[in-house]
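Colleague: I would like to go through the terms used for this model. Tell me what each one rests on.

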Number of protein chains: 2
Amino acid sequence: MDFSSFLTSLATSFIIFVETREQRNLLSESDSERVGSLGRGLRTRNPCAWIKEALTSSEQDVISMSGVDTAVYFVYLSTVLGILVLASVLLLPVLLPVAATDDNVKLQSQSTSNGTFNDLDKLSMGNITEKSSRLWAFLLATYWISLVVYYLLWKAYKHVSALRATALMSPEVRVEQFAVLVRDIPPPLEGQTRKEQVDSYFKAIYPDTFYRSLVITDNKEVNNIWEEMEGYRKKLVRAETVYLESKTNGNPEGTKPTNKTGFLGLLGEKNSIQFYNEKINELIPKLESEQKVTLKEKQQASAIIFFTSRVTAASASQSLHAQLVDTWTVMDAPQPSELLWKNLPINYYERQMRQYVVYVIVALMIFFYMIPIGIISAFTTLENLEKLLPFLKSVLEQKAVRTVLGAYLPQLALIIFLAILPKFLLFLSKTEGIPSESHAVRAASGKYFYFTVFNVFIGVTIGGTLFSSFKTIEKHPSQIVNLLASSLPSNATFFLTYVALKFFVGYGLELSRIVPLIIFHLKKKYLCKTETEVKEAWAPGDLSYATRFPGDMLILTIVLCYSVIAPIILVFGVIYFGLGWLILRNQALKVYVPTYESYGRMWPHMYLRIVATLVLFQLTMFGYFGVKKFVYAPILIPLPILSLIFAFVCHKKFYRAFQSTSLEVAASHLKETPTMDQIFGSYVQPSLSHEKNEDDQFEDALSQVSRSCRCARDDQGSHN
Amino acid sequence: MDFSSFLTSLATSFIIFVETREQRNLLSESDSERVGSLGRGLRTRNPCAWIKEALTSSEQDVISMSGVDTAVYFVYLSTVLGILVLASVLLLPVLLPVAATDDNVKLQSQSTSNGTFNDLDKLSMGNITEKSSRLWAFLLATYWISLVVYYLLWKAYKHVSALRATALMSPEVRVEQFAVLVRDIPPPLEGQTRKEQVDSYFKAIYPDTFYRSLVITDNKEVNNIWEEMEGYRKKLVRAETVYLESKTNGNPEGTKPTNKTGFLGLLGEKNSIQFYNEKINELIPKLESEQKVTLKEKQQASAIIFFTSRVTAASASQSLHAQLVDTWTVMDAPQPSELLWKNLPINYYERQMRQYVVYVIVALMIFFYMIPIGIISAFTTLENLEKLLPFLKSVLEQKAVRTVLGAYLPQLALIIFLAILPKFLLFLSKTEGIPSESHAVRAASGKYFYFTVFNVFIGVTIGGTLFSSFKTIEKHPSQIVNLLASSLPSNATFFLTYVALKFFVGYGLELSRIVPLIIFHLKKKYLCKTETEVKEAWAPGDLSYATRFPGDMLILTIVLCYSVIAPIILVFGVIYFGLGWLILRNQALKVYVPTYESYGRMWPHMYLRIVATLVLFQLTMFGYFGVKKFVYAPILIPLPILSLIFAFVCHKKFYRAFQSTSLEVAASHLKETPTMDQIFGSYVQPSLSHEKNEDDQFEDALSQVSRSCRCARDDQGSHN
């Protein structure tokens with residue numbers, strides 16, 4: 001790619017960015033009244049206003065609007081931004097002139113009489129002649145960047161640790177801080193129910209602070225019935241709304257909506273409101289009897305234990321309860337909204353096995369995903385399509401369609417694969433038996449990170465080079481670093497464009513939220529009738545930084561690895577992360593609503609991956625200095641070692657406080673005495689907490705709990 | 001070494017064994033009255049009686065006489081014995097005939113016309129011709145041994161875990177179960193004493209179960225004074241005994257022992273009893289003022305915290321207390337008798353640094369210890385000795401002395417080095433900053449294990465071969481396994497003799513305890529005057545299985561690695577461990593007294609090293625089958641992988657319960673309510689618990705504690 005085509009794509013990207021911004025504003029204006037408070041969308045057309053708001057917002061604003069997890073993501077963004085800015089400050093004014101005034105590229109292109117070199121290459125380390133003493137500047141730059149990363153990461157880790165502590169010390173009652181999750185409960189004794197077993201076990205250990213237990217049950221049946229009922233309830237509300245609307249539309253009697261009830265919904269007609277009411281009344285006794293059966297007979301080997309003290313809960317989650325580790329496994333209770341109920345009863349060894357199986361699958365996928373996709377691509381040709389789907393023949397014969405399909409069909413499999421990959425990885429992570437949504441998301445994010453870095457960065461860089469020179473590598477495996485390094489500069493332009501495209505198009509789309517908006521409008525027009533439905537259709541979800549983060553890491557990897565080789569990339573990196581910080585700050589404050597809170601548990605992963613990227617950068621530089629035949633290259637050897645020591649020290653000092661809540665934090669004072677009934681109630685699944693529920697598991701005195709906190713649960717229960 | 005010389009050394013060893021047994025009996029007879037109950041020595045001359053007693057003794061006897069640690073050592077011995085017996089049952093009747101009926105050795109010695117082979121070699125795998133299908137038998141034997149090890153180790157781990165749980169569930173009050181050790185306490189706030197800081201911190205976290213704290217102080221000064229005083233006390237008692245004895249010896253007035261008090265103890269004479277009393281009275285006020293200063297001004301950043309509940313203590317020791325891991329580090333409190341007081345105030349990073357420095361020193365020592373010893377040996381020749389110590393010339397000129405010295409002088413450095421090695425390693429381990437004696441001993445034992453296995457086994461086996469073919473290895477590092485394997489059979493006889501020597505001489509000495517006995521008799525005759533002194537002189541100490549264990553592991557490594565190559569070694573292995581079990585059972589029940597109890601914490605190390613030995617065996621066999629050019633050798637590849645999986649599963653399932661006390665165990669009922677005063681008192685060092693002690697640190701109401709439990713402390717305090 002030469003310089004002009006680079007500029008072209010840059011310009012295109014920028015136009016898309018501005019366009020989408022405009023469209024967003026037009027759309028948002030027409031909706032601001034309706035959506036208003038719901039979506040917390042952008043109200044003003046003045047583009048500077050939101051920028052000012054985002055810039056002046058404090059970290060405390062972010063925490064109160066969007067939680068600690070989001071604030072931690074911003075710490076990540078600003079740390080990376082800080083690294084890149086500090087790197088730019090020194091590298092751009094020093095390295096660019098040093099590189100530009102040498103003339104290796106010119107010499108080489110003359111000697112090989114190849115004649116093609118571009119202006120960007122002249123600004124890179126590739127323009128330095130071999131063994132030149134100018135390389136000293138690049139070597140020192142490598143050290144500078146490493147030191148900057150250490151310093152800022154250390155500060156960030158300290159800051160995030162304090163953030164987490166402050167959030168956990170909150171004087172508000174947070175239900176999950178009073179509970180622990182127990183798994184792998186051994187079979188109860190003869191004549192003992194699961195509930196009795198669990199209660200007696202924990203009463204013996206915590207005679208003073210044990211409150212009660214909630215044994216996990218197999219809720220499949222009861223959930224089915226409940227969902228059916230909820231479906232009818234929604235339809236009932238909808239029918240009522242339609243009826244009310246028809247009244248206002250001129251017809252004072254109103255048209256009662258009707259339902260086809262007969263065969264295939266074609267025959268017979270019935271008043272909808274009456275019909276749904278009947279259905280609901282039919283289901284109520286069924287639900288109640290199923291609830292009883294579930295609570296009595298479908299108890300599983302897992303439970304949530306409630307304590308009256310935060311310290312006991314925090315300490316219990318960290319302590320070994322049984323002599324054998326594979327029984328009575330205790331851990332922090334996740335928030336009720338993010339519990340993956342189905343995973344709770346999976347036993348210890350099955351969890352371990354599942355984990356390894358998933359790891360193997362992911363590893364295979366990372367290394368060999370191109371093979372099935374290649375095979376599929378080979379078969380998805382126009383000819384095959386015509387054979388398989390003959391009725392499409394007339395369409396396919398049009399020339400325009402042919403051209404477009406011909407261009408995209410071969411990559412269809414890849415496009416689909418990449419689109420569903422994050423969801424598939426999340427599915428795999430949940431299959432591991434992880435008990436909470438946030439943990440599964442973190443696990444999926446890790447997998448996605450390895451996938452992107454390995455495939456995009458290493459894949460593109462080594463790319464064809466690796467396969468063509470496969471024989472060399474087979475004989476000298478140590479040559480890989482050299483190979484990687486020597487193919488680096490030629491890829492610099494490609495990655496420059498990639499980063500630019502990513503920030504213009506990616507963040508343009510992000511800011512406009514154009515795709516969700518279109519979907520929302522379509523839904524609103526054709527589907528939604530009630531206020532609740534509109535609300536649901538608009539619901540922006542959370543920032544989902546766990547899927548954003550691997551993408552950011554890929555950019556960081558690219559920018560960091562090229563920062564010394566082609567320092568100009570730093571400018572793009574700074575724009576990417578600066579723009580990202582600004583736009584996401586706005587979105588976090590005004591659009592997204594977090595669905596759960598893990599108190600910054602993502603941070604240790606972020607930090608570790610930054611260090612991993614740094615090591616990759618240091619190794620690459622070492623290799624590239626080797627390619628440049630610079631005899632002082634070994635001066636770089638201490639750097640990767642230093643990085644490992646740094647990672648180790650950070651891990652030792654901070655990590656455990658991210659794994660569990662420290663007791664000094666848990667011991668801080670609460671604003672009010674916690675209402676244990678409410679805490680317990682928030683963990684009861686909606687399908688089990690029917691109004692009349694007065695079952696054995698829920699003692700009579702506490703049965704009103706389920707009623708009193710339905711509202712709280714309604715928000716939280718919907719994610720299970 | 002040929003077969004006859006092997007038989008000779010076997011015979012010699014046996015004679016030494018019988019001899020020492022005899023001598024032991026003679027000695028013990030004459031002392032049985034005096035030592036009697038003190039040493040719990042052998043009373044009867046009938047050699048069968050003690051064997052019967054040892055065989056019929058139950059594990060419970062061992063635990064009650066010598067503690068769980070000793071019982072765990074016997075589990076180790078019997079597991080290893082079981083492995084070797086089960087291996088023998090199959091290997092001896094099958095492999096020996098298979099090997100004996102082949103004739104590779106004969107063929108080889110004919111072809112090389114070297115002509116020397118011995119009868120033992122004919123019974124080994126070396127006698128099988130290359131590529132022979134007879135090798136299948138040896139391959140299956142490798143699998144058999146591995147499976148036996150897995151099965152017995154699994155059973156043993158389960159058993160030891162139960163032993164530990166039972167001991168920790170003891171209804172007796174064990175002081176260390178009510179306390180935790182806190183280190184790395186951050187500097188106190190302005191105007192706050194260390195004591196106030198610690199108390200307020202733990203009161204906030206454990207409002208109900210916190211009892212009180214004991215801040216560690218710098219006791220150097222006060223200990224010095226106290227030791228001086230104790231010295232005078234002992235001398236006083238001694239002088240009184242001498243005085244009383246002189247009264248009975250005819251002189252009714254008695255001769256009062258006198259002391260030279262003047263210059264260099266030559267001038268002036270004084271009544272000893274009076275003199276010591278004066279000295280003691282002089283020291284009492286000094287001690288008291290120093291105690292006050294110590295308690296007030298020499299408080300360190302470490303403390304012992306006492307709880308009124310075992311569960312809280314167990315749970316506290318496992319929980320993270322501070323947000324930053326390097327402050328308020330909490331761990332199980334060791335028993336008062338084994339606390340290494342000086343190590344307690346060392347801070348987190350210093351501990352880490354010390355640990356790594358020690359690891360590096362040990363690694364260097366393992367690999368390069370021969371270099372300094374070689375240099376010293378080179379200089380300790382007779383000529384140098386004569387030059388340095390000219391006054392010895394007359395002695396050195398005698399021919400007999402010359403011969404003996406000439407033979408031993410070059411190895412003097414090595415002999416001295418090997419003799420002081422275990423003590424040096426213990427010193428190094430203590431330098432790491434480990435807080436308890438038992439932990440330091442375990443750490444030293446690990447270092448000793450690596451030293452012996454690496455140097456004796458691998459050193460002897462590869463030995464010269466490695467250095468002569470150093471160039472081959474440099475080019476093909478994978479050849480090491482082959483090299484190790486091919487030099488194996490020729491070393492079999494050497495190791496056979498080594499094992500035999502070890503059990504005859506080693507256990508002979510052990511059973512007779514001849515060295516301690518001689519020392520005891522010398523002491524009794526010339527030094528001891530009072531009853532206490534005799535008691536101290538006899539005190540047999542503990543079984544010190546931590547230093548025995550590496551020796552046993554060396555034997556196990558040798559036997560296991562040769563078990564398939566030269567199955568006859570199994571017989572010697574069985575005798576070694578059988579005899580060991582029998583003799584040490586007797587010693588554990590009747591001689592040794594344990595000084596501390598770690599509730600079987602040594603076991604995970606034992607188990608892991610057995611697995612490591614097994615992997616070494618499996619790799620050796622794989623290499624040796626390669627040497628034999630057996631094409632089915634890759635069938636052995638799953639074995640090391642299986643071993644690693646086995647080790648991992650065991651570790652996962654059992655290890656955490658060895659790291660800390662599980663709460664269900666800590667929650668078991670106590671026979672009586674613990675007297676917290678006594679528990680606290682047992683941790684007060686004797687030098688700080690003077691009769692009149694009523695200091696700030698010990699509130700008035702509790703000051704009598706120090707007096708009431710002096711007796712308990714006297715036993716425990718002497719080891720610090």
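Modeller: Start with contact, which means heavy atoms within 4.5 Å. By that rule, 100% of the interface residues of chain A are also interface residues in chain B, so the copies meet through the same surface. This is a predicted model: local features need pLDDT of at least 70, side-chain atom pairs count only at pLDDT 80 or more, and totals for chains, interfaces and linings use all residues. Residues are numbered from 1 along each chain as its sequence is written, chains are lettered from A and ligands numbered from 1 in the order in which they are written, and side-chain values use heavy atoms, with hydrogens and water left out.

Colleague: How many residues of chain A are in contact with chain B?

Modeller: 36 residues of chain A touch 36 residues of chain B. The buried area is about 3,100 Å², and carbon and sulfur atoms give 53% of it. Buried area is the accessible area (1.4 Å probe) that two parts lose on being put together, summed over both. Leu320(A), Gln323(A) and Lys653(A) supply 23% of what chain A buries against chain B, more than any other three residues.

Colleague: What makes the pair Asp326(B) and Lys653(A) a salt bridge?

Modeller: The rule asks for a side-chain nitrogen of Lys or Arg within 4 Å of a carboxyl oxygen of Asp or Glu. In this pair the N to O distance is 2.5 Å, so the pair qualifies. The rule finds two salt bridges across the interface.

Colleague: Why are the two copies described as related by a two-fold axis?

Modeller: A rotation of 180° with 0.0 Å of shift along its axis superposes chain A on chain B, with RMSD 0.1 Å. The copies are therefore related as by a two-fold rotation axis.

Colleague: Why is Lys628(B) called buried?

Modeller: Buried means under 20% relative accessible area, exposed over 50%, partly exposed in between (1.4 Å probe, protein chains only). Lys628(B) has 6% relative accessibility, so Lys628(B) counts as buried. Lys628(B) sits in the loop between α24 (603-627) and α25 (638-659) of chain B. Helices here are DSSP runs (H or I, at least four residues), numbered from the N terminus. Its contacts include Asn104(B), Met125(B) and Glu130(B), leaving out residues up to four places away in sequence.

Colleague: How do you know that α10(A) is mostly covered?

Modeller: Nine of its nine residues are buried. Among them are Arg310(A), Thr312(A) and Gln318(A).

How values were computed: Copies are superposed by least squares on the C-alpha atoms of residues with pLDDT of at least 70 in both. Helices (H or I, at least four residues) and strands (E, at least two) are DSSP runs, numbered from the N terminus.
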